[in-house]
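Biologist: I am new to this structure and would like to learn how to read it. Could you walk me through its features?

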Amino acid sequence: MRTMDIARRTGAGAVAVVLGTAAGAAAPDRPAHAGGLAPVRVEEVSDNDASATKVVTASCPGMRSVFAAGARIVNGNGGVVLTAMEPDAELTTVTVTATARTGHASAWSVVAYATCDWSTRPPVRTTATVGSASTVEVSCPGDTRLVGTGFRSEGPVDQTYVDEVSFGPGLRTVRVHTGGTAEPAALTAVGVCKEPTQPTGPPGVRVEAATGYDGTWPKTVGTAPAAPDAHVYGVDARVTGAGPFFLSALVPSANLRQAGAEAVRASQLPGSAAARADAAGDGEGSLAVSALESAVFH
């Protein structure tokens with residue numbers, strides 16, 4: 001079993017939130033909410049070696065659908081970049097892809113997370129793709145509202161990497177942004193959208209947490225525990241600052257009560273291009289994470 005400690009900045013300082021993992025496992029069903037079973041988190045972990053690119057897929061069990069996705073690089077140390085976190089078109093799986101930057105030779109692994117649930121009104125997937133651009137947004141169709149996110153970036157990982165996957169206003173859109181010295185050849189934003197369970201308003205609420213703005217890397221942050229009758233579905237994160245920083249984890253906790261994120265500074269590996277010409281002179285930034293929490297879907 002692997003664990004991930006996510007720090008949550010509060011007035012009293014950082015609070016550790018431990019996210020347990022077990023490859024291929026789904027958390028046992030907890031007490032039902034709104035007349036059905038609670039959601040479960042399923043994960044799959046890749047091999048831990050020095051392969052250049054790794055792809056791993058987490059599948060929802062039985063008749064459950066993917067409501068949200070998550071991803072995490074383990075032991076990347078700024079030398080491995082997440083290039084995709086994608087729910088499939090049928091919303092049965094989440095596939096995560098990561099690629100090592102030039103010169104990264106140590107062992108690493110990648111984890112895919114699928115938040116799985118059941119509803120009489122299943123979610124739908126929507127996507128938008130742009131070419132040679134650093135920002136893309138996708139909107140939920142009709143009256144649906146956002147429950148989960150995803151992305152794919154196709155470009156040289158030495159020069160471009162994802163630093164934002166965020167919910168838009170009113171939980172209607174997903175925004176994906178890349179940083180670096182080059183624009184990806186193609187950039188895709190994915191939204192998992194669902195009809196509201198009540199006549200008005202989104203099916204959930206957005207809860208945020210953020211680190212301080214300083215030069216300490218990597219950064220981790222986690223949201224406070226959800227209310228007793230709520231679960232975390234989508235996770236968004238964004239890293240800001242003057243430097244080559246990118247997201248290395250967007251993680252729903254094993255019990256789906258919290259959301260965590262990690263961001264790293266790109267390591268300047270032998271043979272790799274610097275992410276910024278002035279990279280040695282900068283280094284301060286911050287990391288924010290949001291959880292989309294909901295008590296009712298069924």
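Predicted model: local features only at pLDDT ≥ 70, side-chain atom pairs only at ≥ 80, totals over all residues.

Biologist: Let me step back to the whole chain. How many helices and strands does the chain have?

Modeller: There are 0 helices and 20 strands. Of the 298 residues in the chain, 56% are buried. As for the accessible surface of the chain, it comes to about 11200 Å², with 51% belonging to carbon and sulfur atoms.

Biologist: Now the disulfides, please. How many does the structure hold?

Modeller: It holds 2 disulfides. To read one, look for a pair of cysteine sulfur atoms within 2.5 Å. Cys60 and Cys116 form such a pair, with their sulfur atoms 2.1 Å apart. The pair ties together parts that are 56 residues apart in sequence, because Cys60 lies in the loop between strand 4 (53-59) and strand 5, while Cys116 lies in strand 8 (residues 109-117).

Biologist: Is that disulfide left-handed or right-handed?

Modeller: The torsion about the S-S bond of Cys60 and Cys116 is about -85°, so this disulfide is left-handed. Cys60 and Cys116 are both buried.

Biologist: And what does Cys140 pair with?

Modeller: Cys140 is joined to Cys193 by a disulfide, S to S 2.1 Å. This pair also links distant parts of the chain: Cys140 sits in the loop between strand 10 (135-139) and strand 11 (145-154), and Cys193 in strand 14 (residues 186-194), 53 residues apart. With a torsion of about -75° about the S-S bond of Cys140 and Cys193, the disulfide is left-handed. If the bonded cysteines of the chain are numbered in sequence order, the pairing reads 1-2, 3-4.

Biologist: Why does Cys193 count as buried?

Modeller: Buried means under 20% relative accessible area. Cys193 has 1% relative accessibility, so it counts as buried. Cys140 also counts as buried, because its relative accessibility is 6%.

Biologist: Let me try single residues. Is Leu82 buried or exposed?

Modeller: Leu82 counts as buried because its relative accessibility is 3%. This residue lies in strand 6 (residues 80-87). Leaving aside neighbours within four places in sequence, Leu82 has contacts that include Ala71, Val96, Phe151 and Leu247. Leu82 and Arg152, 70 residues apart in sequence, are 8.7 Å apart in space, C-alpha to C-alpha.

Biologist: Where does Gly215 lie?

Modeller: Gly215 lies in the loop between strand 15 (205-210) and strand 16 (219-222). At 49% relative accessibility, Gly215 counts as partly exposed. Beyond its neighbours within four places in sequence, Gly215 is in contact with Gly283 and Glu284.

Methods:
Residues numbered from 1 in each chain as written. Heavy atoms only, no water. Helix = DSSP H or I, 4+ residues; strand = E, 2+ residues; numbered from the N terminus. Buried < 20%, exposed > 50% of the residue type's maximum accessible area, 1.4 Å probe, protein only. Areas by Shrake-Rupley, 256 points an atom, 1.4 Å probe, with all protein chains shown as cover. Contact = heavy atoms within 4.5 Å.
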